[in-house]
Structures are given as C-alpha cells and as structure tokens.
Amino acid sequence: MTEKKINRSRLVGLRLQPEEYRLLHDKSKATTCRALSEYIRRILFDKKITIFTRDQSMDDFMTELIVLRKELGAIGNNLNQSVKKLNAYQDVAEIKFWIVLNEGTIKKIFDRTSEIKSKINQFSESWSQE
C-alpha cells in the first residue's frame with residue numbers, strides 16, 4: 001500500500017525581521033523537523049512537534065569521559081612501548097631497571113582508572129537520585 005505524494009502548489013510569503021527569523025530558525029533546529037517550512041506548517045496546523053532536549057549533566061559527564069579516554073590512550077601507548085622494550089631485555093637487572101623507570105606510568109594508570117571509576121560512580125548516584 002503506497003501513499004500518494006501530494007505536491008504543494010500554493011506559496012505563502014512571510015516577511016520577518018532578522019531577529020524574528022533567527023528565533024524561528026533556532027526553535028525549528030531544536031525539533032525533529034528537517035526544514036523550516038515543515039516546522040511552520042506543523043505550528044500552523046496544530047500538529048505534534050517533537051523537541052530535542054539536552055541533558056546538561058550527561059553532556060558534562062561525556063566531556064569528562066572524553067578527556068579521560070584521551071589520557072588513558074596516551075598512557076596505554078606509553079605502556080605498550082615500554083612492554084615491547086621489556087620483552088627485548090634478557091637480563092634480570094635490565095628488567096628491574098625497567099620497573100623502576102616505569103613506576104610513574106604505572107601509577108598514572110592506576111590513578112586515572114580510579115578517577116574514571118569515581119566519575120562513573122558520581123554520575124550513577126546523581127542519576128539514581130533524579
């Protein structure tokens with residue numbers, strides 16, 4: 001069962017001041033309407049308009065997670081390079097030297113992992129309270 005598409009043949013002109021147009025355009029962008037004309041028709045004919053809403057706490061959480069992910073990626077790359085060097089060592093003294101040399105990197109990994117867990121816990125607590 002195909003629906004016959006009806007072309008719109010009548011044009012209605014509307015003049016707006018720049019500020020009025022900006023306001024109308026901004027409001028339409030916050031909806032699921034693809035075009036400004038669709039948004040205006042929905043308003044005119046009292047049709048349902050679905051509006052996007054942003055969750056600021058989710059945006060903040062995602063921003064923090066992105067930063068932490070980048071840092072963890074950099075630390076992980078450093079650790080991978082170090083482990084490759086470690087695999088090349090034959091002597092126990094060289095392995096001990098590697099461990100001492102990379103203690104800071106290992107500590108950073110544990111610190112960042114703890115920070116990520118903490119942020120996730122904070123986020124889940126704030127969401128469970130809402």
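## Close-up views of a predicted model

The structure holds five salt bridges. A salt bridge here is a side-chain nitrogen of Lys or Arg within 4 Å of a carboxyl oxygen of Asp or Glu. This is a predicted model, in which local features need pLDDT of at least 70, side-chain atom pairs count only at pLDDT 80 or more, and totals for chains, interfaces and linings use all residues. Residues are numbered from 1 along each chain as its sequence is written, and side-chain values use heavy atoms, with hydrogens and water left out.

View 1. Arg-22 forms a salt bridge with Glu-19, with the closest N and O atoms 2.4 Å apart. The two are three residues apart in helix H1, so about one helical turn separates them. Helices are DSSP runs (H or I, at least four residues), numbered from the N terminus. Arg-22 also meets Asp-26 in a salt bridge, at 2.6 Å from N to O. This pair is four residues apart in H1, again about one helical turn. Arg-22 is partly exposed, at 39% relative accessible area. Glu-19 is partly exposed too, at 49%, and so is Asp-26, at 39%. Partly exposed lies between buried (under 20% relative accessible area) and exposed (over 50%), using a 1.4 Å probe and protein chains only.

View 2. Glu-38 pairs with Arg-42, and their closest N and O atoms are 3.3 Å apart. Both lie in H2, four residues apart, about one turn of the helix. Glu-38 is partly exposed at 23% relative accessibility. Arg-42 is partly exposed at 27%. Back in View 1, shared partners join Glu-19, Arg-22 and Asp-26 into one salt-bridge network.

**View 3. The largest pocket.** Its volume is about 450 Å³. Of its 15 lining residues, the closest to the centre are Val-12, Ser-37, Ile-40, Arg-41 and Leu-44. Helix H1 (18-29) and helix H2 (36-44) are the elements that each give two or more residues to the lining. H2 gives the most, with five. A pocket is an open set of points on a 1 Å grid where a 1.4 Å probe fits, with protein on both sides within 12 Å along at least five of seven lines; lining residues have an atom within 4 Å of a point.

**View 4. Leu-14 at the surface.** Leu-14 lies in the segment before H1. Leu-14 counts as exposed, because its relative accessibility is 63%.

Methods. Points joined across faces, edges and corners; volume = space filled by probe spheres on them.
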